[in-house]
Amino acid sequence: MEQLRYIYTFINKIKWWLLLAPLIVTGIVVLFTRHLNLEYSVDSTIYTGVVSGYGLETEEASTQNWNMLNNTLENIINIITAKETLKDVGLRLYIQDMIHGDPNKDNTYIKASNYNKLVSITPKEVLDLIDKTSEEKTLENLLNYEESNSKNFIYGLLNWHHPHYSYEALSKISVKKLGNSDMLQITYSANDPGIAYNTLVILNKSYQKEYQDIQFGTTNNVIRYLEQELEKVSYDLRNGEDSL
């Protein structure tokens with residue numbers, strides 16, 4: 001009993017310290033971590049469909065076919081990480097955030113704090129190019145404005161060190177094959193959940209367009225040429241019929 005009384009007396013003497021110490025520690029932690037950036041990671045799985053395209057669904061798939069599969073997957077990975085693809089992603093992401101950002105509250109596109117920073121660094125001549133009614137028109141405006149000059153805002157946005165839209169930031173996108181399948185996993189992280197998510201959404205659309213242009217560009221050009229020639233022949237035929 002005597003020992004319990006001593007323990008009670010000791011605790012009673014330091015009770016205020018027992019209450020204040022956790023508050024002080026909490027305050028110090030909050031003070032030193034309030035400016036830390038949280039990282040939000042997102043991932044996306046792409047089904048390329050190239051296995052069935054090469055007839056690899058059977059157990060008798062040849063080594064040559066597997067090599068063709070691996071080469072195709074490597075080509076897709078190279079397209080995803082290509083500078084031209086990243087440029088398209090960076091510009092479209094910037095345009096989307098400028099159009100849909102809100103200075104007063106976070107939304108699914110960009111946090112209010114990041115939007116306000118973005119607007120503050122964007123010169124007025126570029127702000128005037130943002131068409132709130134059309135992302136495609138805005139993209140056309142920015143591409144026409146861009147030039148290889150260190151003083152050009154769009155050039156600097158892509159080539160310097162912006163944490164969301166630069167080649168440096170977007171080069172952190174990771175692409176890897178999932179085992180022996182024809183599926184790819186893309187992962188990315190940013191300090192803004194909306195930006196992280198929409199980066200991959202835009203990337204998925206952008207790389208598909210680039211891939212289709214490469215795969216079917218020649219065929220489409222031939223078809224377009226034949227259609228033009230057919231139109232010419234039809235025009236001449238109609239004129240000939242009318243003259244008769």
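Author: Leaving aside neighbours within four places in sequence, D131 is in contact with I99, K137 and T138. Contact means heavy atoms within 4.5 Å. The model is predicted, so local features need pLDDT of at least 70, side-chain atom pairs count only at pLDDT 80 or more, and totals for chains, interfaces and linings use all residues. Residues are numbered from 1 along each chain as its sequence is written, and side-chain values use heavy atoms, with hydrogens and water left out.

D131 lies in the loop between α7 (124-127) and α8. Helices (H or I, at least four residues) and strands (E, at least two) are DSSP runs, numbered from the N terminus. With a relative accessible area of 24%, D131 is partly exposed. The scale is this: buried is under 20% relative accessible area, exposed is over 50%, and partly exposed is in between (1.4 Å probe, protein chains only). D131 and I95 are 36 residues apart along the chain. Their C-alpha atoms are separated by 9.0 Å.

Helix α5 covers residues 83-100, and helix α8 covers residues 135-145. Two packed helices are described by the angle between their axes and the distance between the axes. Here the axes come within 10 Å and cross at roughly 120 degrees. Axes are lines fitted to C-alpha atoms, for helices over the stretch in contact, and angles run from 0 to 180 degrees between N-to-C directions. α5 and α8 are therefore oblique to each other. Angles under 35 degrees count as roughly parallel, over 145 as roughly antiparallel, 65 to 115 as roughly perpendicular, and the rest as oblique. The crossing of α5 past α8 is right-handed.

Now the residues. On the α5 side, K87, D88, L91, R92, Y94, I95, Q96, I99 and H100 take part. They meet E135, E136, T138, L139, L142 and L143 in α8. By class, the α5 contact with α8 has 7 nonpolar, 3 polar and 5 charged residues. Ala, Val, Leu, Ile, Met, Phe, Trp, Tyr, Cys and Pro count as nonpolar, Asp, Glu, Lys and Arg as charged, and the others, Gly among them, as polar.

α5 also pairs with helix α6 (residues 112-121). Their axes come within 10 Å and cross at roughly 105 degrees. The two helices are therefore roughly perpendicular to each other. Y94, D97 and M98 in α5 meet Y115, L118 and V119 in α6. That contact divides into 5 nonpolar, no polar and 1 charged residues.

The largest nonpolar core has 45 residues, and Y94, I80 and I154 have the most contacts inside it. Such a core is a set of buried Ala, Val, Leu, Ile, Met, Phe, Trp, Tyr and Cys residues joined through side-chain atoms within 4.5 Å. α5 gives the largest share of this core, 8 residues.

Next, the loop between α5 and α6, where N107 lies. N107 is partly exposed, at a relative accessible area of 26%. Setting aside residues up to four places away in sequence, N107 touches H100, G101 and D102.

K205 sits in helix α11 (residues 193-243). K205 counts as exposed, at 61% relative accessibility. K205 and V89 are 116 residues apart along the chain, and their C-alpha atoms are separated by 9.1 Å.

Terms used:
Left-handed = near helix turned anticlockwise from the far one by under 90°.
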